[in-house]
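Please read the report below alongside the sequence and the model. It goes through selected residues and their surroundings.

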Amino acid sequence: MDKSLFSSKSLGTLQRIRIDDGHDWAFIPDPLPDKWDMPVQLWPLLSLAKEELARLDGVGRHMPGDSSNLLLTPLQKREALKSSSLEGAYATAEELLLFEKSPKEPTSEHDKVNSWMEVRNYSRALQVGQDLLLRLPLSIRLIREMHKELLTGVRGANRNPGNFRINQVHIGSDRRFIPPPAGIAVECLQQLEIQMNSDVTIDPLLYSFMVHYQFETIHPFSDGNGRVGRLLLSLMIFRRCNLVMPWLYLSEYFDRYKDEYVNNLFNVSVNADWKSYLEFCLRATVQQAREALVRFDSLVDIQRKYQKIIASSGGSARLGTIVESLFNVPFITIPDVRELLNTTYPTAKNDIERLISLQILQPLARSEQRPKIFYAKEIFDVAYHGT
């Protein structure tokens, strides 16, 4: 790590460490501040970001029953896809959804199934964290449980899932950044656990971004730090900003502007440049909240359209139940319908055919899976492709 980049204004100290080919320097971050004088230039953007986040949360608060899945499920699946792609695990939305319907084991180290499993594990880790928040504070235990779920059975499974690293790690093949030594990293994380749950005068949205920086800088695990950090960010915003559900996911924006994201994190450490980093995160919040609302509005329009189509065609309540399930997972099989409705195979088959005739479902031509898969293309395109 280039020691000359750091100075007295850096937000931490350097410690000389031994490495295989000699020595280098590790960065030990200072604890997060309890107070921070926000530059006046950030006020308009912070106000806008909180306004868009409030709009998103307001929509969620007024959705009846389990209708929140109409918005939350695609948001969380997209987050899993984008956060994983930042770490080199690539999958399309179609691949992920089909794999979740019919999981299988990889046949080789290079099998694409390996990436699909990593993305699926991200979704599971998010659910683990969300469930634990019902009974736990933001905590080291919660972080470790998400990490365990994330890495179990996939690439990095040999990196001690759920446990902190015991060795030195570095970021970048050229060791551009070296986090604190293992023992000190745990001490830093223990301090962060206290601060995550402390009352501070800093705006809760800004403080969530500060916690994200701190976690990534500590880098407590041998692998999976980026993904766990982004999981923690969404849950931190959910908890600290008093949202009804964790609606905000920023990995898509971070992935789109990966270099800026990484450089901003680095510059907080080196130059104490909170302003540029927080400005970047606030722009991400505005963009992702707006995109989520556009996507949701389109899904609601489709939902209403399908309800009218079924009603005008004299369709049964069974068809309505099937269509509602498509907003959660837009892929379906005849056995799925049979189980969903507790009906016979011929009846389920007839219901699928009826929805095809109404142009709600169509066969998934590229799928070789059996039983045959049908999908709601309109729902899938809005939920998982561009806004």
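Leu14 is located in strand 1, residues 12-19; helices (H or I, at least four residues) and strands (E, at least two) are DSSP runs, numbered from the N terminus. The model is predicted, so local features need pLDDT of at least 70 and side-chain atom pairs count only at pLDDT 80 or more, while totals for chains, interfaces and linings use all residues. Residues are numbered from 1 along each chain as its sequence is written, and side-chain values use heavy atoms, with hydrogens and water left out.

Leu14 is partly exposed, at a relative accessible area of 26%. Here buried means under 20% relative accessible area, exposed means over 50%, and partly exposed is in between (1.4 Å probe, protein chains only). Apart from neighbours within four places in sequence, Leu14 is in contact with Met1, Lys3, Phe6, Trp25, Ala26 and Phe27; contact means heavy atoms within 4.5 Å. From C-alpha to C-alpha, Leu14 and Glu339 are 60 Å apart in space, and they are 325 residues apart in sequence.

**The annotated binding site**

Which residues does the UniProt annotation "binding site" cover? According to this unreviewed entry, they are Glu87, His219, Asp223, Gly224, Asn225, Gly226, Arg227, Val228, Gly229, Arg230 and Tyr261. Of these residues, Glu87, His219, Asp223, Gly224, Asn225, Gly226, Arg227, Arg230 and Tyr261 are included in the lining of the largest pocket. UniProt positions are given in the numbering used here, feature names are shortened, and annotations may be inferred rather than shown by experiment. Pockets are found on a 1 Å grid over the protein atoms alone: a cavity is a set of points where a 1.4 Å probe fits but cannot get out, and a pocket is an open set with protein on both sides within 12 Å along at least five of seven lines; lining residues have an atom within 4 Å of a point.

His219 sits in the loop between helix 7 (204-218) and helix 8 (225-240). With a relative accessible area of 14%, His219 is buried. Not counting residues up to four places away in sequence, His219 touches Arg165, Val169, Ile171, Pro179 and Asn225. The side chain of His219 also reaches the backbone oxygen of Glu216, at 3.0 Å. This is a polar contact (a pair of N or O atoms within 3.5 Å; within protein, one must be able to donate a hydrogen and the other to accept it, and residues adjacent in sequence count only if both atoms are side-chain atoms).

Val228 belongs to helix 8. Is Val228 buried or exposed? Its relative accessibility is 0%, so Val228 counts as buried. Beyond its neighbours within four places in sequence, Val228 is in contact with Ile143, His147, Leu150, Phe215 and Phe221.

**Aromatic rings**

A pair of aromatic rings is described by the distance of the centres and the angle of the planes. The structure holds 18 aromatic pairs. The ring centres of Phe254 and Tyr261 are 4.2 Å apart and their planes are at 10°, so this pair is stacked. Rings of Phe, Tyr and Trp (its six-membered ring) pair if their centres lie within 6.5 Å; planes under 30 degrees apart count as stacked, over 60 as edge-to-face and the rest as tilted. Tyr375 and Phe380 are edge-to-face, because their planes are at 75°, with the ring centres 6.2 Å apart.

Phe254 is buried at a relative accessible area of 1%, and Tyr261 is buried at 4%. Tyr375 and Phe380 are buried as well. One aromatic cluster is formed by Tyr253, Phe254, Tyr257, Tyr261 and Phe280.

Charged groups also meet rings. The charged end of Arg144 sits over the ring of Phe164, 5.4 Å from its centre, and Arg176 lies over the face of Phe266, 4.2 Å from the ring centre. A charge sits over a ring if NZ of Lys or CZ of Arg is within 6 Å of the ring centre and within 35 degrees of the ring normal.
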